[in-house]
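User: Could you give me a close look at one part here, starting with the accessible surface and working inward? Keep it chatty, but spell out the cut-offs as you go.

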Amino acid sequence: MRLEARYAVFAAGTAGLAFLLVWAVGDLPPFGHYAGPYGDIVAKLVEPQRHMANAVTAVVFDYRGFDTMGEELILFAAAGSVALLLRETRDHDTNGIVDAVQSDALNGFGAVGAIATFVLALYVIAHGLITPGGGFQGGVVAAAAVVLVFLTCEYRAYTRIASSKVAEPLESIGAAAYVLLGVTALALGDAFLENFLPLGVTGRLRSGGSAALVNWASALAVAGGFLLIFAEYLEENMAARYRRDEA
Amino acid sequence: MSVLPYVLAVWIFVVGLFGIVTSKNLIHVTVCVSVCQSATYALLLAVGYRDKGTAPVYADIPTSRRVVDPVVQSLALTDIVVAVAVSALLLSFAVKAFDHKGSLDPAELAEQRG
């Protein structure tokens with residue numbers, strides 16, 4: 001189809017779509033007047049029922065834990081597909097790789113920064129039930145802490161910490177732990193993914209029951225998934241670059 | 001003008017759609033898909049907002065305080081993280097397409113043989 005014809009079809013179709021969408025959202029409750037009962041019920045019940053201060057984390061890992069498991073498995077499938085697509089023979093000589101960062105000061109700052117960022121990640125994950133945070137956000141920060149090692153130090157140091165051989169089991173253990181926690185609830189006579197541990201005191205780190213464990217499992221899975229994706233891209237890039245140089 | 005935030009979400013979606021249709025580069029397509037996803041986050045969060053409501057975290061506020069809807073926030077936050085992984089998958093398609101055909105232009109890659 002010629003370019004102008006394609007643009008004309010697009011314009012017509014999108015005009016119709018935009019009109020229908022604007023008409024539809026016009027029927028929503030006015031902005032700022034959220035009407036629905038579900039959010040109010042959850043906000044009222046989250047402290048007495050689940051002893052969690054953060055209502056969003058309670059919804060993600062406890063009330064709607066099943067949906068989060070689905071999202072978790074999407075992440076798992078995406079990371080696995082990236083590994084499948086980008087994985088080919090990658091024999092490359094790591095000794096010949098010239099690192100982009102040569103300055104020792106940057107190496108030092110990067111190493112300290114990576115450790116600090118990792119501690120921050122653990123903080124965000126652990127306090128997910130009390131303050132904004134949780135497994136998803138903290139998992140991404142943990143992956144970023146490891147990537148910082150590659151950015152500021154050498155490639156060899158990065159592969160020692162988080163090559164795809166390390167990231168893969170990490171992600172699998174996280175995803176499996178999530179499902180196993182759900183199955184444990186089943187085995188104990190509750191519903192799948194129901195809270196089965198003692199709930200603790202609101203506002204302390206040990207609150208929320210088994211949702212806290214689900215929190216850590218998803219943090220492991222998210223961090224592992226992102227590290228796997230990054231490791232696959234990096235190893236493919238390094239193999240391509242250093243194979244071509246030798247040829 | 002209390003419907004304007006929702007219309008904004010529709011506008012962002014249409015812009016992303018325009019980017020996908022008129023794109024000449026697979027990487028650009030991936031970013032435009034990401035823009036369309038951002039439109040859904042904007043719509044979700046706009047639906048859940050409540051006037052003078054604060055974040056639904058009771059660590060330092062009393063339970064009687066007005067809060068916004070926590071459910072749509074949970075949808076948006078898991079979605080953002082997963083969307084990054086899906087974008088990585090789309091980009092790996094682009095890498096493989098470039099390796100095999102030598103081009104990132106969707107028009108050139110659309111020709112099927114056999």
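Analyst: Chain A has an accessible surface of about 12,500 Å², and 68% of that belongs to carbon and sulfur atoms. Those areas come from the Shrake-Rupley method with a 1.4 Å probe, and for residues only the protein chains shown count as cover. Bear in mind that this is a predicted model: local features need pLDDT of at least 70, side-chain atom pairs count only at pLDDT 80 or more, and totals for chains, interfaces and linings use all residues. As for bookkeeping, residues are numbered from 1 along each chain as its sequence is written, chains are lettered from A and ligands numbered from 1 in the order in which they are written, and side-chain values use heavy atoms, with hydrogens and water left out.

Going under the surface, 43% of the 247 residues of chain A count as buried (under 20% relative accessible area; exposed is over 50%, partly exposed in between, with a 1.4 Å probe and protein chains only). Along the principal axes, the C-alpha atoms of chain A fill a box of roughly 65 × 60 × 40 Å. Take the contacts in chain A (heavy atoms within 4.5 Å) between residues at least 6 apart in sequence: 72% of them join residues at least 24 apart.

Now for the place where the two chains meet. Helix H3 of chain A, residues 55-63, packs against helix H3 of chain B, residues 70-101, at an angle of about 65°, with the axes 8 Å apart. Axes here are lines fitted to C-alpha atoms, for helices over the stretch in contact, and angles run from 0 to 180 degrees between N-to-C directions. From H3(A) come A:Ala55, A:Val56, A:Val59 and A:Val60, and they meet residues of H3(B) including B:Pro70, B:Val71 and B:Leu77. The contact divides into 7 nonpolar, 3 polar and no charged residues (Ala, Val, Leu, Ile, Met, Phe, Trp, Tyr, Cys and Pro are nonpolar, Asp, Glu, Lys and Arg charged, and the others, Gly among them, polar).

A:Thr14, in helix H1 (residues 3-25) of chain A, also reaches across: leaving out residues up to four places away in sequence, A:Thr14 touches B:Val14 and B:Leu17. A:Thr14 is buried, at 8% relative accessible area.

A:Leu193 is not a glycine, yet its phi is positive, about 65°. A:Leu193 sits in the loop between helix H8 (164-187) and helix H9 (210-246), and at 9% relative accessibility A:Leu193 counts as buried.

Definitions and conventions: Helix = DSSP H or I, 4+ residues; strand = E, 2+ residues; numbered from the N terminus.
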